[in-house]
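These are my notebook entries on a structure examined at the level of single residues. I record what I looked up and what I found.

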Amino acid sequence: MEQLKTIGRELAMGSQGGFGQSKEFLDLVKSIGEARSKAEEDRIVLSEIEILKRRLLEPDIPKRKMKEYIIRLVYIEMLGHDASFGYIHAVKMTHDDNLLLKRTGYLAVTLFLNEDHDLIILIVNTIQKDLRSDNFLVVCAALNAICRLINEETIPAVLPQVVDLLNHQKEAVRKKAIMALHRFHRKSPSSVSHLISNFRKRLCDNDPGVMGATLCPLFDLISEDVTSYKDLVSSFVSILKQVTERRLPKSYDYHQMPAPFIQIKLLKIMALLGSGDKSASEIMYMVLGDLFRKCDSSTNIGNAILYECIRCISCILPSPKLLEAAAEAISKFLKSDSHNLKYMGIDGLGRLIKISPDIAEQHQLAVIDCLEDPDDTLKRKTFELLYKMTKSSNVEVIVDRMIDYMISINDNHYKTEIASRCVELAEQFAPSNQWFIQTMNKVFEHAGDLVNIKVAHNLMRLIAEGFGEDDDDADSKLRLSAVESYLKIISEPKLPSLFLQVISWVLGEYGTADGKYSASYISGKLCDVADAYSSDETVKGYAVSALMKIYAFEIASGRKVDVLPECQSLIEELLASHSTDLQQRAYELQALLALDARAVESIIPLDASCEDIEVDKDLSFLNGYIQQAIESGAQPYVSERERSGMFETTDYHSQDHHEVPSHALRFEAYELPKPSVPQQASTELVPVPEPSYYSESHQPIPTSLVSERDSSEIKLRLDGVKQKWGRPNYQPTASSSQNTPSITQQAPNGTATHSDGGVGSSSSKPRSSYESKKPEVDPEKQRLAASLFGGSSSSRSDRKSSSGGHKPAKGTSNKPATIPRENPTPVQPPPDLLDFGEPTATSVTTIDPFKELEGLLDSSSSQDGGSADVMGLYSDGAPVTTTTTSVDSLLSELSDSSKGNSRTYQSQTSKGPNSKEALEKDALVRQMGVNPTSQNPTLFKDLLG
Amino acid sequence: MIKAVMMMNTQGKPRLAKFYDFLPVEKQQELIRGVFSVLCSRPENVSNFLEIDSLFGPDSRLVYKHYATLYFVLVFDGSENELAMLDLIQVLVETLDKCFSNVCELDIVFNYSKMHAVLDEIVFGGQVLETSSAEVMKAVEEISKLEAASNAISLVPKSVSGWRGR
């Protein structure tokens with residue numbers, strides 16, 4: 001019986017319009033299906049390739065056979081093997097008159113060739129001919145091929161024909177011609193720019209299918225340029241109205257929904273057109289309201305339209321009534337059992353929350369459920385939502401959650417993303433520096449190799465600069481806590497390199513700062529680090545520099561220094577290192593140990609990493625010397641510019657300056673190529689009056705060999721010097737480079753004599769350049785804050801009043817006191833610090849988990865003081881341990897509470913009547929690779945239900 | 001825009017793969033493998049959506065549906081609606097079901113070119129062209145009829161009944 005069915009099926013296949021294949025092909029498919037391993041499969045395919053190669057060389061292959069060979073080639077290539085030896089045969093087949101063969105040829109070439117392939121030139125001619133064919137199927141096949149095979153150069157060859165086809169009598173051809181034109185537009189907008197009006201014309205096509213197809217190119221066009229399509233708003237709205245009123249033929253219905261894909265496209269277009277446009281939005285309100293009423297939320301496609309409505313409403317100028325309807329639809333989505341709908345609900349919530357932040361409040365439980373869900377996609381979407389609604393009142397909970405999740409996944413791509421989000425949120429909303437450091441530690445520990453190096457520099461800067469106020473006590477407390485946490489972590493195996501760099505730097509700077517830890521203890525730890533990560537030169541460099549600082553501090557404070565034996569051996573090892581950088585550091589350390597206290601103190605002063613380094617750009621301290629030299633007959637200095645035609649003196653500069661050359665407009669001819677143009681870069685920091693400078697340099701001054709030699713010897717920026725030589729007053733300015741030791745009066749430890757790896761660049765980075773960076777980050781953050789709070793200042797005060805009526809204190813709190821780094825704007829709300837004096841660790845464990853949920857979702861208005869207290873707790877200056885444990889206990893309670901909700905899922909999994917039976921069937925099929933039985937009764941059982 | 005349509009069986013063997021932007025064969029294979037490794041690690045009864053930036057570049061989503069031994073996969077960008085794409089898979093499967101009356105993996109393997117014909121009627125150059133399976137069927141049957149008529153060479157009856165036994 002089984003056998004009979006199989007025969008029947010195979011016969012049926014043969015009769016279905018000639019799509020059948022020979023026994024050989026069936027055998028091939030079957031043997032590949034049964035292959036037990038990839039190697040076996042490869043062996044089969046390779047022998048098939050050999051067979052095909054041989055066969056294709058035979059003369060006079062019958063066309064039917066040829067067609068099958070082509071299909072076999074396509075099949076081989078789908079399995080990942082190269083079938084290029086047969087491409088030419090596929091191309092030849094497109095020339096055939098027989099429709100079946102021609103279609104096969106087109107199919108094969110569209111799968112084989114890319115638009116720049118050499119063989120395309122052989123096809124273009126055929127395509128041109130086919131586009132003019134009387135047979136519309138031939139035309140369709142050619143249009144199909146065009147989409148894949150035509151590139152910018154060949155578009156003009158077929159364009160006239162395609163445009164003609166826009167008026168073809170068959171709607172199927174018109175549809176495809178529009179799509180082809182759309183494709184051209186995507187590939188090379190300029191080639192069809194004069195034809196864009198055709199899309200507008202086709203919008204009025206009699207056939208709704210053609211009209212629907214036109215929406216695709218219009219969507220693209222409108223997203224590029226909204227303003228020139230505003231006139232179509234009312235047309236789109238009326239089309240949508242007609243569609244929803246079922247004016248289209250029944251054949252466009254899908255699951256009792258009138259032309260849903262057209263509706264979705266229209267809604268997408270309306271979202272584009274209505275965004276920020278009051279009059280356009282108002283036209284749309286009616287039809288959107290109708291849609292909400294009419295949409296059948298029991299079908300998938302109905303929900304797709306509902307979601308699209310929500311999206312549209314979130315884009316256009318909001319209307320309170322529609323927002324309400326959208327919120328209702330979202331709550332239906334979130335309450336649904338389907339993960340797909342939940343996903344859409346979370347996504348919609350994320351969109352709506354920008355407009356009305358309090359909407360999340362009513363769905364807090366659903367959101368938490370989604371966060372606990374086993375479905376990764378849903379979880380990530382929820383994190384995205386949380387990311388969007390983070391504010392300083394809930395940042396701790398959210399970031400904590402994110403870090404937990406980050407630790408649990410292996411997907412590096414997403415790990416990087418979520419790590420950078422954690423960092424971003426922490427930087428933006430950190431309620432206290434201490435919390436910030438703890439959070440950063442966690443991020444570094446678990447994703448250290450994935451985060452941006454800037455993050456490390458920011459962290460070091462924060463620790464170095466502290467609160468940014470003259471509160472030295474708090475600063476040193478912060479540093480001590482950082483040092484303590486690092487000493488705890490440092491002995492753990494396999495820490496990421498970046499994290500170790502931070503640790504080394506902080507231990508070097510502050511390890512011995514308040515005398516809690518002895519120099520030998522810290523230096524022992526640092527030696528261990530250098531030892532354990534001996535293959536990582538950067539870490540080693542940091543460790544040696546840290547050692548140097550520690551010993552320097554010891555010497556400077558007059559204590560006797562005992563260099564540990566392991567440290568001594570480390571130095572000796574590094575003295576012979578292959579890395580010149582490490583060698584240099586080791587030599588310097590050795591030299592430093594021999595100096596006396598006074599000298600050491602001026603080389604590496606205590607805690608000076610944040611001091612601005614004053615660069616005496618004018619080199620005024622040399623004035624006396626120069627005066628002397630000139631008096632004794634030396635020639636005055638000639639600027640490099642003057643000499644540039646003759647001397648190549650800038651070799652040093654090329655290594656010393658990594659500043660980017662500025663793009664200042666130049667009025668003279670370019671000089672010979674030079675590695676760098678230092679004086680231009682310096683103008684970025686110090687506004688030099690350009691015009692006077694240039695006129696100065698134009699003065700013809702005789703060449704001086706002496707000064708040229710000088711310049712190369714002391715590596716100065718000669719141009720900068722020249723221009724101001726006469727002026728004795730130098731302009732104290734922040735240094736842009738730590739590589740100019742010879743002109744620093746005093747090199748603070750961050751920049752001692754050579755670069756301290758990345759640390760130097762962060763710690764001694766001039767404030768000016770940091771501030772100049774601000775505007776880049778700023779608008780983004782502002783926007784986020786504004787969208788979360790609905791306008792930064794007013795809402796902040798709202799929130800503050802809800803968190804316990806600290807409003808009067810606002811004035812002080814607005815100072816960047818709580819902001820870890822110079823946070824650009826007052827957007828940063830620091831109010832949690834206001835709760836400093838508030839109680840108490842005892843209440844923590846008894847906190848109701850739901851309170852915490854409320855904290856997470858910040859139910860600003862309805863909230864009693866409770867959650868604010870909780871949040872205050874996190875942020876107060878309490879020791880690290882209590883903070884973390886309290887959060888942990890809360891979270892565990894939180895997950896307990898949501899377990900109740902997850903029960904529904906379990907019951908859900910056991911649903912489905914035939915699942916076991918289906919599984920058995922599937923298992924059989926899997927064994928075979930291919931299922932040769934004629935029917936699989938459970939297959940698609942849910943199709944037509 | 002739709003970036004790719006894939007069908008693969010539960011062992012990761014590709015049954016049909018169509019990318020709407022050209023990709024070299026190796027890259028296609030890599031993507032198919034990548035998609036499969038993500039799909040097979042998904043538990044049952046979870047959503048049909050995936051954000052798949054890591055494979056297909058930023059703003060790429062994937063919708064899949066698991067039917068018996070086959071995964072149907074659509075990869076697309078932000079200009080499409082996830083739920084609608086899920087229904088597009090449904091359209092595709094409905095059409096195939098009508099085409100082959102109770103479709104199974106075998107049909108898809110052996111009717112490679114017809115599969116492409118069906119798919120080309122539904123998705124054209126990365127855009128959704130037709131979503132009514134009846135319309136698609138009409139178009140495909142028209143092609144079949146014409147091809148049969150133009151096909152002068154009659155099909156040699158196949159003697160394949162025994163192949164399964166071996």
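I counted an aromatic pair when the rings of Phe, Tyr and Trp (its six-membered ring) had centres within 6.5 Å, with planes under 30 degrees apart taken as stacked, over 60 as edge-to-face and the rest as tilted. This is a predicted model, in which local features need pLDDT of at least 70, side-chain atom pairs count only at pLDDT 80 or more, and totals for chains, interfaces and linings use all residues. Residues are numbered from 1 along each chain as its sequence is written, chains are lettered from A and ligands numbered from 1 in the order in which they are written, and side-chain values use heavy atoms, with hydrogens and water left out.

**Entry 1. Aromatic rings**

I searched the whole structure and found 12 aromatic pairs over all chains. Helices (H or I, at least four residues) and strands (E, at least two) are DSSP runs, numbered from the N terminus.

Are these two residues buried or exposed? Both A:Tyr486 and A:Phe499 are buried. Here buried means under 20% relative accessible area, exposed over 50%, and partly exposed in between (1.4 Å probe, protein chains only). I also noted a cluster in which ring pairs link A:Phe383, A:Tyr405 and A:Tyr414.

**Entry 2. Charges over rings**

For a charge over a ring, I required NZ of Lys or CZ of Arg within 6 Å of the ring centre and within 35 degrees of the ring normal. A:Lys53 lies over the face of A:Phe85, at 5.2 Å from the ring centre. I found the charged end of A:Lys265 over the ring of A:Phe219, 5.5 Å from its centre.

**Entry 3. Salt bridges**

Side chains of opposite charge can pair when their charged atoms come close. I took as a salt bridge a side-chain nitrogen of Lys or Arg within 4 Å of a carboxyl oxygen of Asp or Glu. The search of the whole structure gave 46 salt bridges over all chains.

I looked up A:Glu24 and A:Arg72, which form a salt bridge with the closest N and O atoms 3.0 Å apart. A:Glu24 lies in helix α2 (residues 23-34) of chain A and A:Arg72 in helix α4 (residues 63-78) of chain A, so the pair ties together parts that are 48 residues apart in sequence. A:Glu24 is partly exposed at 32% relative accessible area, whereas A:Arg72 is buried at 1%. Both belong to a network of salt bridges that links A:Glu24, A:Glu48, A:Arg55, A:Glu68 and A:Arg72.

In the salt bridge of A:Lys38 with A:Glu41, the closest N and O atoms are 3.6 Å apart. These residues are 3 apart in helix α3 (residues 38-57) of chain A, and so are separated by about one helical turn. A:Lys38 is partly exposed, with a relative accessible area of 45%, while A:Glu41 counts as buried at 7%.

A:Asp205 and A:Arg174 form a further salt bridge, their closest N and O atoms being 3.0 Å apart. The pair links distant parts of the chain: A:Asp205 is in the loop between α11 (196-202) and α12 (208-224) of chain A, and A:Arg174 is in helix α10 (residues 171-187) of chain A, 31 residues apart. A:Asp205 is buried at 10% relative accessible area, and A:Arg174 is buried at 12%.

**Entry 4. Strands of chain B**

Why is strand β5 (residues 70-77) of chain B largely enclosed by the rest of the structure? I recorded it so because 8 of its 8 residues are buried. Both faces of β5(B) are covered, with B:Leu70, B:Phe72, B:Leu74 and B:Phe76 buried on one side and B:Tyr71, B:Val73, B:Val75 and B:Asp77 buried on the other.

Two strands pair if DSSP finds at least two bridges between them. Strand β1 (residues 2-9) of chain B pairs with β5(B) in the antiparallel sense over 7 bridges, and B:Met8 stands opposite B:Tyr71. Strand β4 (residues 60-67) of chain B also pairs with β5(B) in the antiparallel sense, over 8 bridges.
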